[in-house]
Amino acid sequence: MSEHDHPKGDGHPSCGHDYGLKMKVHGLTCQEISQFMMDYLDSSLDDGAKDEFERHVGVCPPCLHYLDGYKDTVELVRRCGKVELDAEAKKVHGEKHGPPPEGLIMAILAAKQAIDGQA
Amino acid sequence: MDTPSPSSQTPDDASIVAGLRSGDPRAFEAMVRAHVGPLRAVALRLLRNEEDADDAVQEAFLNAYRSLDRFRGDARLGTWLHRIVVNVALGRLRKRESAKRDGEQVQIDAHLPQFHENGMSQRFHQRWTVGADELVSRAETREVVRNTIDKVPEPYRTVLVLRDIEELDTAETAELLGIKPGTVKVRLHRARQALRNLLERELELTGEA
Ligand SMILES: [Zn+2]
(Lines give C-alpha, C1' and ligand atoms only; values in the text may rest on other atoms or scores of the structure.)
Protein backbone atom coordinates (compact mmCIF):
# COMPACT_ATOMS: atom_id res chain seq x y z
CA MET A 1 0.00 0.00 0.00
CA SER A 2 2.86 2.36 -0.74
CA GLU A 3 0.52 4.14 -3.16
CA HIS A 4 -1.10 5.58 -0.13
CA ASP A 5 2.01 7.21 1.18
CA HIS A 6 -0.07 9.24 3.49
CA PRO A 7 1.36 12.29 5.14
CA LYS A 8 2.83 11.15 8.38
CA GLY A 9 0.77 12.64 11.14
CA ASP A 10 4.09 13.79 12.47
CA GLY A 11 2.43 13.51 15.78
CA HIS A 12 2.56 17.02 17.26
CA PRO A 13 1.89 15.87 20.79
CA SER A 14 1.66 19.48 21.92
CA CYS A 15 -1.50 20.26 19.94
CA GLY A 16 -3.02 16.80 20.10
CA HIS A 17 -5.84 15.79 22.35
CA ASP A 18 -6.46 12.42 23.86
CA TYR A 19 -10.08 11.53 23.39
CA GLY A 20 -9.61 8.37 25.37
CA LEU A 21 -9.98 6.07 22.38
CA LYS A 22 -7.88 3.01 22.19
CA MET A 23 -5.11 3.59 19.72
CA LYS A 24 -5.91 0.40 17.90
CA VAL A 25 -9.44 -0.79 17.59
CA HIS A 26 -9.55 -4.28 16.14
CA GLY A 27 -6.18 -4.16 14.44
CA LEU A 28 -6.48 -1.01 12.34
CA THR A 29 -5.58 2.46 13.56
CA CYS A 30 -7.73 5.49 12.75
CA GLN A 31 -4.93 6.61 10.42
CA GLU A 32 -5.14 3.32 8.54
CA ILE A 33 -8.91 3.69 8.28
CA SER A 34 -8.33 7.09 6.71
CA GLN A 35 -5.73 5.62 4.33
CA PHE A 36 -7.86 2.68 3.21
CA MET A 37 -11.12 4.62 2.92
CA MET A 38 -11.09 5.05 -0.84
CA ASP A 39 -10.14 1.41 -1.43
CA TYR A 40 -12.91 0.37 0.93
CA LEU A 41 -15.47 2.45 -0.98
CA ASP A 42 -14.12 1.11 -4.30
CA SER A 43 -14.56 -2.43 -2.92
CA SER A 44 -10.89 -3.09 -3.59
CA LEU A 45 -9.93 -4.21 -0.08
CA ASP A 46 -9.55 -7.95 0.39
CA ASP A 47 -12.11 -9.66 2.60
CA GLY A 48 -9.92 -9.67 5.69
CA ALA A 49 -9.10 -5.98 5.47
CA LYS A 50 -12.72 -5.15 4.67
CA ASP A 51 -13.88 -6.97 7.81
CA GLU A 52 -11.25 -5.17 9.92
CA PHE A 53 -12.28 -1.85 8.40
CA GLU A 54 -15.96 -2.40 9.16
CA ARG A 55 -15.28 -3.63 12.66
CA HIS A 56 -13.20 -0.53 13.43
CA VAL A 57 -15.76 1.87 11.98
CA GLY A 58 -18.50 0.07 13.90
CA VAL A 59 -16.93 0.92 17.24
CA CYS A 60 -15.13 4.21 16.46
CA PRO A 61 -17.57 7.14 16.01
CA PRO A 62 -14.94 9.64 14.73
CA CYS A 63 -13.98 7.26 11.93
CA LEU A 64 -17.63 6.54 11.15
CA HIS A 65 -18.36 10.27 10.95
CA TYR A 66 -15.27 10.83 8.84
CA LEU A 67 -16.33 8.06 6.47
CA ASP A 68 -19.89 9.41 6.18
CA GLY A 69 -18.62 12.92 5.45
CA TYR A 70 -16.20 11.55 2.87
CA LYS A 71 -19.01 9.69 1.11
CA ASP A 72 -21.20 12.81 1.20
CA THR A 73 -18.32 14.85 -0.23
CA VAL A 74 -17.98 12.51 -3.21
CA GLU A 75 -21.73 12.64 -3.73
CA LEU A 76 -21.80 16.44 -3.55
CA VAL A 77 -19.06 16.72 -6.16
CA ARG A 78 -20.88 14.34 -8.48
CA ARG A 79 -24.23 16.07 -8.08
CA CYS A 80 -23.15 19.72 -7.94
CA GLY A 81 -19.92 19.84 -9.95
CA LYS A 82 -21.39 20.54 -13.37
CA VAL A 83 -22.71 24.07 -13.44
CA GLU A 84 -24.10 23.54 -16.95
CA LEU A 85 -26.53 20.98 -15.56
CA ASP A 86 -27.65 23.35 -12.85
CA ALA A 87 -30.66 25.30 -14.10
CA GLU A 88 -30.94 27.45 -10.99
CA ALA A 89 -27.29 28.42 -11.08
CA LYS A 90 -27.76 29.54 -14.66
CA LYS A 91 -30.49 31.90 -13.55
CA VAL A 92 -28.38 33.36 -10.77
CA HIS A 93 -25.08 33.46 -12.64
CA GLY A 94 -26.34 33.66 -16.19
CA GLU A 95 -23.63 36.11 -17.14
CA LYS A 96 -20.80 34.00 -15.85
CA HIS A 97 -21.81 30.62 -17.22
CA GLY A 98 -24.46 31.43 -19.79
CA PRO A 99 -24.51 30.27 -23.39
CA PRO A 100 -21.11 30.41 -25.09
CA PRO A 101 -20.44 33.83 -26.56
CA GLU A 102 -21.13 34.15 -30.26
CA GLY A 103 -17.76 35.88 -30.46
CA LEU A 104 -16.04 32.63 -29.49
CA ILE A 105 -17.87 30.70 -32.18
CA MET A 106 -16.95 33.34 -34.76
CA ALA A 107 -13.30 33.28 -33.66
CA ILE A 108 -13.21 29.49 -34.02
CA LEU A 109 -14.75 29.64 -37.49
CA ALA A 110 -12.27 32.33 -38.55
CA ALA A 111 -9.32 30.34 -37.24
CA LYS A 112 -10.52 27.30 -39.16
CA GLN A 113 -10.76 29.35 -42.36
CA ALA A 114 -7.21 30.48 -41.82
CA ILE A 115 -6.14 26.83 -41.63
CA ASP A 116 -8.06 26.05 -44.81
CA GLY A 117 -6.36 28.99 -46.52
CA GLN A 118 -2.91 27.62 -45.64
CA ALA A 119 -3.70 24.18 -47.03
CA MET B 1 -19.28 11.33 -19.70
CA ASP B 2 -22.48 12.11 -21.47
CA THR B 3 -22.58 15.31 -23.41
CA PRO B 4 -25.98 16.94 -23.19
CA SER B 5 -27.59 16.92 -26.59
CA PRO B 6 -27.94 20.30 -28.28
CA SER B 7 -31.35 21.83 -27.88
CA SER B 8 -31.54 23.60 -31.24
CA GLN B 9 -32.34 21.80 -34.50
CA THR B 10 -28.70 21.07 -35.27
CA PRO B 11 -27.75 18.14 -37.47
CA ASP B 12 -26.88 14.98 -35.57
CA ASP B 13 -23.31 13.84 -35.03
CA ALA B 14 -23.41 11.27 -37.83
CA SER B 15 -24.32 13.85 -40.47
CA ILE B 16 -21.80 16.33 -39.02
CA VAL B 17 -19.01 13.77 -39.33
CA ALA B 18 -20.11 12.79 -42.82
CA GLY B 19 -20.20 16.48 -43.81
CA LEU B 20 -16.74 17.14 -42.35
CA ARG B 21 -15.29 14.18 -44.22
CA SER B 22 -16.79 15.30 -47.50
CA GLY B 23 -15.40 18.82 -46.97
CA ASP B 24 -18.72 20.57 -46.39
CA PRO B 25 -17.78 23.84 -44.63
CA ARG B 26 -21.19 24.04 -42.91
CA ALA B 27 -20.45 20.82 -41.06
CA PHE B 28 -17.61 22.40 -39.07
CA GLU B 29 -19.84 25.24 -37.93
CA ALA B 30 -22.55 22.72 -37.03
CA MET B 31 -20.05 20.77 -34.94
CA VAL B 32 -18.88 23.91 -33.15
CA ARG B 33 -22.42 25.08 -32.38
CA ALA B 34 -23.52 21.66 -31.18
CA HIS B 35 -20.57 21.07 -28.86
CA VAL B 36 -19.10 24.44 -27.87
CA GLY B 37 -21.24 24.72 -24.73
CA PRO B 38 -20.24 21.48 -23.01
CA LEU B 39 -16.62 21.87 -24.14
CA ARG B 40 -16.43 25.37 -22.72
CA ALA B 41 -17.85 24.13 -19.41
CA VAL B 42 -15.13 21.49 -19.20
CA ALA B 43 -12.40 24.00 -20.06
CA LEU B 44 -13.75 26.48 -17.49
CA ARG B 45 -13.77 23.78 -14.83
CA LEU B 46 -10.16 22.93 -15.45
CA LEU B 47 -8.74 26.38 -16.15
CA ARG B 48 -11.06 28.56 -14.00
CA ASN B 49 -10.52 31.51 -16.32
CA GLU B 50 -12.75 32.50 -19.24
CA GLU B 51 -10.00 33.74 -21.51
CA ASP B 52 -7.89 30.61 -21.09
CA ALA B 53 -10.98 28.42 -21.43
CA ASP B 54 -12.00 30.08 -24.70
CA ASP B 55 -8.48 29.70 -26.08
CA ALA B 56 -8.51 26.03 -25.11
CA VAL B 57 -11.90 25.45 -26.73
CA GLN B 58 -10.74 27.07 -29.96
CA GLU B 59 -7.57 25.00 -29.98
CA ALA B 60 -9.58 21.85 -29.28
CA PHE B 61 -11.91 22.38 -32.24
CA LEU B 62 -8.97 23.09 -34.54
CA ASN B 63 -7.15 19.98 -33.28
CA ALA B 64 -10.28 17.97 -33.91
CA TYR B 65 -10.59 19.40 -37.41
CA ARG B 66 -6.99 18.56 -38.23
CA SER B 67 -7.17 15.04 -36.86
CA LEU B 68 -10.59 14.11 -38.12
CA ASP B 69 -9.19 11.02 -39.82
CA ARG B 70 -8.33 9.71 -36.35
CA PHE B 71 -11.96 9.86 -35.25
CA ARG B 72 -13.40 6.36 -35.17
CA GLY B 73 -16.88 6.16 -36.58
CA ASP B 74 -18.11 4.03 -33.69
CA ALA B 75 -17.14 6.58 -31.01
CA ARG B 76 -19.42 9.43 -30.04
CA LEU B 77 -18.36 12.81 -31.39
CA GLY B 78 -19.04 14.47 -28.03
CA THR B 79 -16.87 11.95 -26.19
CA TRP B 80 -14.04 12.39 -28.68
CA LEU B 81 -14.21 16.20 -28.45
CA HIS B 82 -14.39 15.98 -24.65
CA ARG B 83 -11.14 14.06 -24.58
CA ILE B 84 -9.48 16.57 -26.92
CA VAL B 85 -10.49 19.63 -24.88
CA VAL B 86 -9.42 17.94 -21.63
CA ASN B 87 -6.03 17.30 -23.22
CA VAL B 88 -5.63 20.87 -24.42
CA ALA B 89 -6.78 22.33 -21.10
CA LEU B 90 -4.40 20.07 -19.16
CA GLY B 91 -1.50 21.20 -21.35
CA ARG B 92 -2.30 24.83 -20.59
CA LEU B 93 -2.82 24.08 -16.91
CA ARG B 94 0.56 22.34 -16.71
CA LYS B 95 2.32 25.35 -18.16
CA ARG B 96 0.49 27.71 -15.87
CA GLU B 97 0.91 25.66 -12.71
CA SER B 98 4.50 24.47 -13.15
CA ALA B 99 5.79 27.85 -12.04
CA LYS B 100 4.09 27.62 -8.66
CA ARG B 101 4.45 23.93 -7.93
CA ASP B 102 6.52 24.59 -4.81
CA GLY B 103 4.65 24.90 -1.58
CA GLU B 104 1.61 22.98 -2.74
CA GLN B 105 2.39 20.05 -0.51
CA VAL B 106 2.17 22.36 2.46
CA GLN B 107 -1.17 23.64 1.24
CA ILE B 108 -2.82 20.25 0.86
CA ASP B 109 -1.40 18.98 4.15
CA ALA B 110 -3.26 21.71 5.97
CA HIS B 111 -6.53 20.15 4.78
CA LEU B 112 -5.69 16.49 5.42
CA PRO B 113 -6.54 14.69 8.64
CA GLN B 114 -3.67 14.72 11.09
CA PHE B 115 -2.75 11.80 13.33
CA HIS B 116 -0.69 11.18 16.40
CA GLU B 117 2.23 8.79 16.19
CA ASN B 118 0.04 6.04 17.57
CA GLY B 119 -2.30 6.40 14.58
CA MET B 120 -5.01 8.18 16.51
CA SER B 121 -6.77 11.14 14.97
CA GLN B 122 -5.91 14.58 16.30
CA ARG B 123 -9.50 15.65 15.77
CA PHE B 124 -12.71 14.06 16.95
CA HIS B 125 -14.70 14.03 13.72
CA GLN B 126 -18.34 14.92 14.17
CA ARG B 127 -21.41 13.79 12.31
CA TRP B 128 -22.57 16.29 9.69
CA THR B 129 -25.78 17.97 10.73
CA VAL B 130 -27.19 18.16 7.18
CA GLY B 131 -27.49 15.28 4.73
CA ALA B 132 -26.26 15.26 1.14
CA ASP B 133 -29.79 15.25 -0.34
CA GLU B 134 -30.74 18.37 1.55
CA LEU B 135 -27.48 20.10 0.65
CA VAL B 136 -27.89 19.28 -3.04
CA SER B 137 -31.44 20.65 -3.01
CA ARG B 138 -30.21 24.17 -2.23
CA ALA B 139 -28.91 26.23 -5.19
CA GLU B 140 -26.81 28.27 -2.82
CA THR B 141 -25.08 25.16 -1.48
CA ARG B 142 -24.42 23.79 -4.95
CA GLU B 143 -22.65 27.05 -5.74
CA VAL B 144 -20.61 26.79 -2.52
CA VAL B 145 -19.61 23.22 -3.46
CA ARG B 146 -18.33 24.35 -6.88
CA ASN B 147 -16.45 27.30 -5.40
CA THR B 148 -14.94 25.06 -2.73
CA ILE B 149 -13.75 22.52 -5.31
CA ASP B 150 -11.78 25.42 -6.81
CA LYS B 151 -9.99 25.85 -3.48
CA VAL B 152 -8.51 22.36 -3.46
CA PRO B 153 -4.79 22.87 -4.20
CA GLU B 154 -3.21 21.62 -7.42
CA PRO B 155 -2.34 19.05 -8.62
CA TYR B 156 -5.05 17.40 -6.53
CA ARG B 157 -7.93 19.52 -7.81
CA THR B 158 -7.34 18.52 -11.42
CA VAL B 159 -7.54 14.82 -10.58
CA LEU B 160 -10.75 15.38 -8.62
CA VAL B 161 -12.31 17.21 -11.57
CA LEU B 162 -11.26 14.54 -14.08
CA ARG B 163 -12.32 11.57 -11.93
CA ASP B 164 -15.39 12.76 -10.03
CA ILE B 165 -16.86 15.37 -12.41
CA GLU B 166 -15.65 14.51 -15.91
CA GLU B 167 -16.01 10.83 -14.96
CA LEU B 168 -12.80 9.61 -16.55
CA ASP B 169 -11.51 6.35 -15.06
CA THR B 170 -8.19 5.98 -13.25
CA ALA B 171 -6.35 4.63 -16.30
CA GLU B 172 -7.55 7.42 -18.63
CA THR B 173 -6.72 10.07 -16.05
CA ALA B 174 -3.24 8.62 -15.54
CA GLU B 175 -2.61 8.58 -19.28
CA LEU B 176 -3.79 12.16 -19.82
CA LEU B 177 -1.70 13.47 -16.94
CA GLY B 178 1.33 11.30 -17.70
CA ILE B 179 1.38 9.87 -14.17
CA LYS B 180 0.97 6.38 -12.70
CA PRO B 181 -2.50 5.06 -11.84
CA GLY B 182 -1.37 4.75 -8.21
CA THR B 183 -0.55 8.45 -8.17
CA VAL B 184 -4.00 9.24 -9.55
CA LYS B 185 -5.52 7.31 -6.64
CA VAL B 186 -3.38 9.05 -4.04
CA ARG B 187 -4.19 12.47 -5.47
CA LEU B 188 -7.91 11.73 -5.73
CA HIS B 189 -8.07 10.51 -2.15
CA ARG B 190 -6.18 13.56 -0.87
CA ALA B 191 -8.36 15.89 -2.94
CA ARG B 192 -11.52 14.34 -1.50
CA GLN B 193 -10.15 14.53 2.03
CA ALA B 194 -9.17 18.17 1.57
CA LEU B 195 -12.56 18.95 0.09
CA ARG B 196 -14.32 17.13 2.92
CA ASN B 197 -12.49 19.35 5.37
CA LEU B 198 -13.11 22.54 3.37
CA LEU B 199 -16.82 21.80 2.90
CA GLU B 200 -17.29 21.00 6.55
CA ARG B 201 -15.96 24.45 7.35
CA GLU B 202 -17.59 26.42 4.51
CA LEU B 203 -21.02 24.92 5.11
CA GLU B 204 -20.65 24.73 8.90
CA LEU B 205 -21.67 21.10 8.81
CA THR B 206 -20.80 20.16 12.37
CA GLY B 207 -22.74 22.97 13.97
CA GLU B 208 -19.47 24.47 15.21
CA ALA B 209 -18.89 27.79 13.53
ZN1 LIG C 1 -11.04 5.21 14.37
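A search of the whole structure, which is a predicted model, finds 2 cavities of 30 Å³ or more. A cavity here is a set of points, on a 1 Å grid over the protein atoms alone, where a 1.4 Å probe fits but cannot get out. Grid points are joined across faces, edges and corners, and a volume is the space filled by probe spheres set on the points.

Local features in this predicted model need pLDDT of at least 70 and side-chain atom pairs count only at pLDDT 80 or more, whereas totals for chains, interfaces and linings use all residues. Residues are numbered from 1 along each chain as its sequence is written, chains are lettered from A and ligands numbered from 1 in the order in which they are written, and side-chain values use heavy atoms, with hydrogens and water left out.

**Stop 1: the largest cavity**

Select A:Cys30, A:Ile33, A:Ser34, A:Met37, A:Pro62, A:Cys63 and A:Tyr66, together with B:Pro113, B:Phe115, B:Ser121 and B:His125; these residues line the largest cavity, where lining means having an atom within 4 Å of a point. The space in the largest cavity amounts to about 60 Å³. Helix 1 and helix 3 of chain A each supply at least two residues of this lining, and the largest share, 4 residues, comes from helix 1 of chain A. Helices (H or I, at least four residues) and strands (E, at least two) are DSSP runs, numbered from the N terminus. By residue class, the lining of the largest cavity divides into 8 nonpolar, 3 polar and no charged; Ala, Val, Leu, Ile, Met, Phe, Trp, Tyr, Cys and Pro count as nonpolar, Asp, Glu, Lys and Arg as charged, and the others, Gly among them, as polar.

**Stop 2: the interface of chain A and chain B**

Next, select the residues in contact (heavy atoms within 4.5 Å): 65 residues come from chain A and 63 residues from chain B. The buried area between chain A and chain B is about 6,200 Å², with carbon and sulfur atoms giving 63%. Buried area is the accessible area (1.4 Å probe) that two parts lose on being put together, summed over both.

Between chain A and chain B, 15 residue pairs are in polar contact, both residues being at pLDDT 80 or more. A polar contact is a pair of N or O atoms within 3.5 Å; within protein, one must be able to donate a hydrogen and the other to accept it, and residues adjacent in sequence count only if both atoms are side-chain atoms. On the side of chain A that touches chain B, helix 1 (30–41), helix 3 (61–80), helix 4 (87–92), helix 5 (94–97) and helix 6 (102–118) of chain A each supply at least two residues. Helix 3 of chain A provides the largest share of that side, 17 residues. The residues of that side divide into 30 nonpolar, 17 polar and 18 charged.

**Stop 3: a salt bridge between the chains**

The structure holds 26 salt bridges over all chains, and 4 salt bridges are found across the interface of chain A and chain B. The rule asks for a side-chain nitrogen of Lys or Arg within 4 Å of a carboxyl oxygen of Asp or Glu. Select B:Asp133 and A:Arg79, which form a salt bridge with the closest N and O atoms 2.8 Å apart. B:Asp133 lies in helix 6 (residues 132–137) of chain B and A:Arg79 in helix 3 of chain A, so the pair joins two chains.

**Stop 4: backbone details**

Select B:Pro155, in the loop between helix 7 (139–149) and helix 8 (156–165) of chain B. The peptide bond from B:Glu154 to B:Pro155 is cis, with omega near 5 degrees. Then move to A:Ser43, in the loop between helix 1 and helix 2 (47–59) of chain A. Although A:Ser43 is not a glycine, it has a positive phi of about 55 degrees.

Terms used: 1 Å grid on protein atoms, 1.4 Å probe; cavity = no way out; pocket = protein on both sides within 12 Å on 5 of 7 lines; lining within 4 Å.
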